[in-house]
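Look at the sequence and the model below before reading on. The text then goes through them part by part.

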Amino acid sequence: MVSQVYFGFPRNNQNWHDGETLPAKLDLILDQLHLRDRVKGERVCIKVHVGNDIGYSVIHPVFLRKVVQAVKDGGGNPFVTDISWDVQNCASRGYTEEVLGCPIYPAAGPDENISTRMNARSRT
């Protein structure tokens, strides 16, 4: 089975139109994915890396906000998650509930009381 890949080319071909920006291209990709049609009434976890204290290879909050808004537009209830020590410092990187439009929880749950059992094979 062949997977379909959606790509927004980062260059704007010297056309300085609103539709040529990367956030606008993300909107087009979200439309092609029919994301809004898939999330009605669903609680949607959006797992991202928010950068900890020194990480810079992260998705900018403006793009994450676009995904969150698409989920909300489709009637979904989104939240963002990452590992607990990254979530503790995510506001300093621009990831806040006010910016993203949804709550941000540690991967172990809002009260950090959810854990998964690892078997011996997964620890190696």
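**A buried lysine, a sheet and a core**

Lys-25 is buried, because its relative accessible area is 12%, and buried means under 20%, exposed over 50% and partly exposed in between (1.4 Å probe, protein chains only). The model is predicted, so local features need pLDDT of at least 70 and side-chain atom pairs count only at pLDDT 80 or more, while totals for chains, interfaces and linings use all residues. Residues are numbered from 1 along each chain as its sequence is written, and side-chain values use heavy atoms, with hydrogens and water left out.

Lys-25 belongs to helix α1, residues 22–33. Helices (H or I, at least four residues) and strands (E, at least two) are DSSP runs, numbered from the N terminus. Setting aside residues up to four places away in sequence, Lys-25 touches Gly-8, Phe-9, Pro-10, Arg-11, Gly-19 and Glu-20; contact means heavy atoms within 4.5 Å.

Next comes the sheet. Strands of a sheet pair through backbone hydrogen bonds, either parallel or antiparallel. Here 3 strands form an open sheet in the order β1-β2-β3, with parallel pairing; two strands pair if DSSP finds at least two bridges between them. At the edges are β1 (43–47) and β3 (104–106), each of which pairs on one side only. On average, neighbouring strands of this sheet are turned by 35° against each other, direction ignored. Between β1 and β2 (residues 77–82) there are 5 bridges, and Lys-47 stands opposite Thr-81 in β2.

Helix α3, residues 61–73, lies across β1 and β2 and runs at about 145° to β2. Axes are lines fitted to C-alpha atoms, for helices over the stretch in contact, and angles run from 0 to 180 degrees between N-to-C directions.

What does the largest nonpolar core contain? It has 19 residues, and those with the most contacts inside it are Ile-46, Leu-64, Val-80, Tyr-95, Leu-100 and Ile-104. α1, β1 and α3 each supply at least two residues of this core, and the largest share, 4 residues, comes from α3. Such a core is a set of buried Ala, Val, Leu, Ile, Met, Phe, Trp, Tyr and Cys residues joined through side-chain atoms within 4.5 Å. Not counting residues up to four places away in sequence, Leu-64 touches Ile-46, Val-48, Ile-59, Val-80, Tyr-95 and Leu-100.

Gly-101 sits in the loop between α5 (97–100) and β3. Gly-101 is partly exposed, because its relative accessible area is 29%. Gly-101 and Leu-64 are 37 residues apart in sequence and 9.5 Å apart in space, C-alpha to C-alpha.
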